[in-house]
Amino acid sequence: MDLHTHTLASAHGYSTLRENVTAAKAKGLEILGTTDHSKAMSGVYTNAFFTNYNAIPRVLDGVTVLCGVEANITDYRGAIDIDPLHRPLDYVIVSLHRPCILPGSTLENTRAVVGAMDHPKVAIVGHPDDMRYPLDYQVLAREIVDRGLFCEVNNTSLKAHGPRKGARENLLKLLAIGGELGMEVVVNSDAHMDVSVGELDLALSLLEEIQYPRELILNMGERAQILGRFDLAEK
């Protein structure tokens, strides 16, 4: 599965949802999550896109499609730029992005992410690995565990010319703490074009390198078990 992918609706994505589904099927994925950016992201002017998710079949070409959003954290209290209660969303990823919130202190950044976890439908903390947003990983990991959420291990972050700085070093620190606390993780591509859908090799290799417990990696579960972890919207 791959639960963090983008389409043209994110304004800086380059594929349609149908193209992403086709790529997912070709790579043998059983589950695809589509999670475009909400409106605070540069180039995205409305959340109207998310109001018609019921038009998307739950299964397309044999691939189960989960309809989510990558919500942008917009202040140090954890505000986000979409109301999950007013959208037929299956889940929410909450993330820090420079166009939406300037980096603060370690305390401010950590409070922002932890506060964002309070919103309904939040299931995943997106790419908490950028050195420009220093975080207290002990606090972050404990909050993720206590709330039963998932920490993302983002494949795009680990690319040589990826969009975030110091990701590998930060993930090693976070996962060392998370492994001790029993923090569940999910491996995602953060694809912005269909060619990257299901591209998880760098993230999976990192988890294998540090021997992160397989039972804490959501991707390693059975399909029914994985789907059971989400409060899916009615179709």
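The side chains of Arg164 and Asp129 meet in a salt bridge, with N and O 3.5 Å apart. A salt bridge is taken as a side-chain nitrogen of Lys or Arg within 4 Å of a carboxyl oxygen of Asp or Glu. This pair links distant parts of the chain, 35 residues apart. Arg164 lies in the loop between β6 and α4, and Asp129 in the loop between β5 and α3. Both residues are buried (under 20% relative accessible area; exposed is over 50% and partly exposed in between, with a 1.4 Å probe and protein chains only). Helices (H or I, at least four residues) and strands (E, at least two) are DSSP runs, numbered from the N terminus.

The model is predicted: local features need pLDDT of at least 70, side-chain atom pairs count only at pLDDT 80 or more, and totals for chains, interfaces and linings use all residues. Residues are numbered from 1 along each chain as its sequence is written, and side-chain values use heavy atoms, without hydrogens and water.

The salt-bridge count comes to 13. Lys159 pairs with Glu199, the closest N and O atoms being 2.7 Å apart. Here the loop between β6 and α4, which holds Lys159, is linked to the loop between β7 and α5, which holds Glu199; the two residues are 40 residues apart. Lys159 is partly exposed at 30% relative accessibility. Glu199 is also partly exposed, at 26%. Another salt bridge joins Asp118 and Arg147, with 2.6 Å between the closest N and O atoms. Asp118 sits in the loop between α2 (106-116) and β5 (122-125), and Arg147 in helix α3 (residues 137-147), 29 residues apart. Asp118 is exposed at 56% relative accessibility, whereas Arg147 is partly exposed at 32%. Shared partners join Asp118, Glu143 and Arg147 into one salt-bridge network.

β6, α4 and β7 make a right-handed β-α-β unit. Right-handed means that, with the strands pointing away from the viewer, the path from the first strand over the helix to the second runs clockwise. β6 and β7 pair in the parallel sense over four bridges (pairing requires at least two DSSP bridges between the strands). Asn188 in β7 is the bridge partner of Asn154. Both faces of β7 are covered: Val185 and Val187 are buried on one side, Val186 and Asn188 on the other. In a regular strand the side chains alternate between the two faces of the sheet.

Helix α5 (residues 201-209) has Ala203, Leu206 and Leu207 as its buried residues. They lie on the same side of α5 because they cover an arc of only 95° around the axis, taken from the directions from the helix axis to the C-beta atoms. These buried residues pack against β6 (150-154), α4 (167-181) and β7 (185-188). Just after α5, Gln211 takes a positive phi of about 55°.

The largest nonpolar core holds 55 residues, of which Leu175, Met183 and Val185 touch the most other members. Strand β3 (residues 63-72) gives this core its largest share, five residues. A second, separate core of 14 residues includes Leu3, Ile93, Val186 and Phe230. A nonpolar core is a set of buried Ala, Val, Leu, Ile, Met, Phe, Trp, Tyr and Cys residues joined through side-chain atoms within 4.5 Å.

Thr7 lies in the segment before α1 (17-26). Thr7 is buried, at 5% relative accessibility. Beyond its neighbours within four places in sequence, Thr7 has contacts that include Gly13, Asn20, Asp36 and Phe49 (contact: heavy atoms within 4.5 Å).
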